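Hello,

Please find below the structure I am handing over to you. My notes on it follow.

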Amino acid sequence: MDDDGDEYAKLIRRMNSPRVVIDNDASEQATIIQVDTVNRHGTLLELVQVLTDLNLVVVKAYITSDGLWFMDVFYVTSNDGNKVKDEGVLHSIKKALETDAYMHSSMNNSIGMLPSKEHTLIELSGTDRPGLLSDVSAVLTDLRCNVVNAEIWTHNARAAAVMHITEQSTGCAVEDPKRLSLIKELLSNVLKGNDSIRTPRICISSPVVTHKGRRLHQMMFAARDFQRTETEIVNRNSAAPFVIVSDCADRDYTVVTVRCIDRPKLFFDTVFTLTDMQYVVFHGTVIAGRKEAYQEYYIRHVDGFPISSEPERQRVTECLEAAIERRGSEGLELELCTDDRAGLLSDITRILRENGLNIRRAEISTKDGKAQNTFFITDVSENFVDPKTMSSIEEQLGQVVSHVRGKNAQPKFPEETPRSFLLGSFFKGRNFQNFGILKSYS
């Protein structure tokens, strides 16, 4: 019976698989990708996730999905801002959108199925403080564990991390129950620190197929990093995202408008937040460029109703602001590349700590004996790093430092920028060809 059900599900997927058209001629600046598919909750997120994971930059997007079918149009470029012209890459994009996005759309929260015996998964969340990553990595080094890859986020005095570790001696997953229990106990002590209010959360298991970005968003949300005091709200800097949640009564939608500094993966972060909060995007427009991004979404809850109360509107606003800020690139970006070795992460984070620096976000990876680590750092007061301090760190780290990026100034919005202008034409009987963005493919 189960086999028959699986075969039926496969048949339904084949009958309703997405139709993908890629055009490199209709726009001078970007490659246009049009996707037509059955409208299922989460499908838009999967499409955006595929584009993001392929390191494509979405500079514009148009979404419409009344009824059972939707059409998305994405303007994308490579990371260098050029069209995607490599035929092999274009084929990979088309294949991924026609298969992976649809196949995964029904998976709840993108938590996968098969555990791995190569790594042990550690999920950490708790109160942020200067030197936290240094303490965590020092404990793992003392316990003779290697960090194979990891991603660490901090926001609003909270911290969350997803780490894959192995035994130093074997390079395999940590399987001894006593060792796992000891790791959990010591890391709990590190995360707890002097904080008696917020209980740290630690999960240690065999890793499954999971998307780090999704998982970190969920962990930060569970830690309620979207909550702010009145003082924190008043003291937010000029680069804070601008989010408005309002009614579109004549069409029975809720309109969400976002204006913020543009950055990589912004589109994914906002779509994920709305999807994970159980909202459906029926129409949307995204325009990025000139260091600023505009997003506008017409949404309803999965039960078909728009937002009906001020507390719910406020919650959506707060959660979107938090999602945008979590992956924000505050401070200097320090990129390190060197031969991997036991204790490397502990040594690097110790040097940063001893120089009075705080790690706001980090991406750790190792492959073929090489370690590639990226840190976003500020001083302990969350101000920008003094150039003299940076020079001292580069001397201590030597040839390990491959790139340093950033400016000693807070980013600000351009003074003259258009306000919300995006989706009125959807409700005047127009289609995508009225935007002048596509040729007809019929």
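Axes here are lines fitted to C-alpha atoms, for helices over the stretch in contact, and angles run from 0 to 180 degrees between N-to-C directions. Helices (H or I, at least four residues) and strands (E, at least two) are DSSP runs, numbered from the N terminus.

This is a predicted model, in which local features need pLDDT of at least 70 and side-chain atom pairs count only at pLDDT 80 or more, while totals for chains, interfaces and linings use all residues. Residues are numbered from 1 along each chain as its sequence is written, and side-chain values use heavy atoms, with hydrogens and water left out.

The protein chain has 12 helices and 16 strands. Of its 442 residues, 49% are buried, where buried means under 20% relative accessible area, exposed over 50% and partly exposed in between (1.4 Å probe, protein chains only).

Helix α7 (residues 212-222) and helix α10 (residues 310-326) have axes that come within 11 Å and cross at roughly 130°. That makes α7 oblique to α10 (under 35 degrees counts as roughly parallel, over 145 as roughly antiparallel, 65 to 115 as roughly perpendicular and the rest as oblique). In α7, the residues His217, Met220 and Phe221 meet Arg315, Cys319, Ala323 and Arg326 of α10; contact means heavy atoms within 4.5 Å. By class, the residues of this contact are 4 nonpolar, 1 polar and 2 charged (Ala, Val, Leu, Ile, Met, Phe, Trp, Tyr, Cys and Pro count as nonpolar, Asp, Glu, Lys and Arg as charged, and the others, Gly among them, as polar).

Buried residues of α7 include Gly213, Leu216, His217 and Met220. Among the elements that cover the buried residues of α7 are α2 (43-53), β5 (120-127), α9 (266-276) and α10. After α7 comes Arg224, with a positive phi near 60°.

Now the sheet. Eight strands form an open sheet in the order β8-β5-β7-β6-β14-β15-β13-β16, with antiparallel pairing; two strands pair if DSSP finds at least two bridges between them. β8 (201-205) and β16 (401-405) stand at the edges with a single partner strand each, so one side of each has no neighbour in the sheet. On average, neighbouring strands of this sheet are turned by 15° against each other, direction ignored. β13 (residues 332-339) pairs with β16 in the antiparallel sense over 4 bridges, and Leu336 stands opposite Val401 in β16. Helix α10 packs on the sheet, where it touches β6 (145-155) and β14 (357-367), and its direction makes about 135° with that of β6.

Regards
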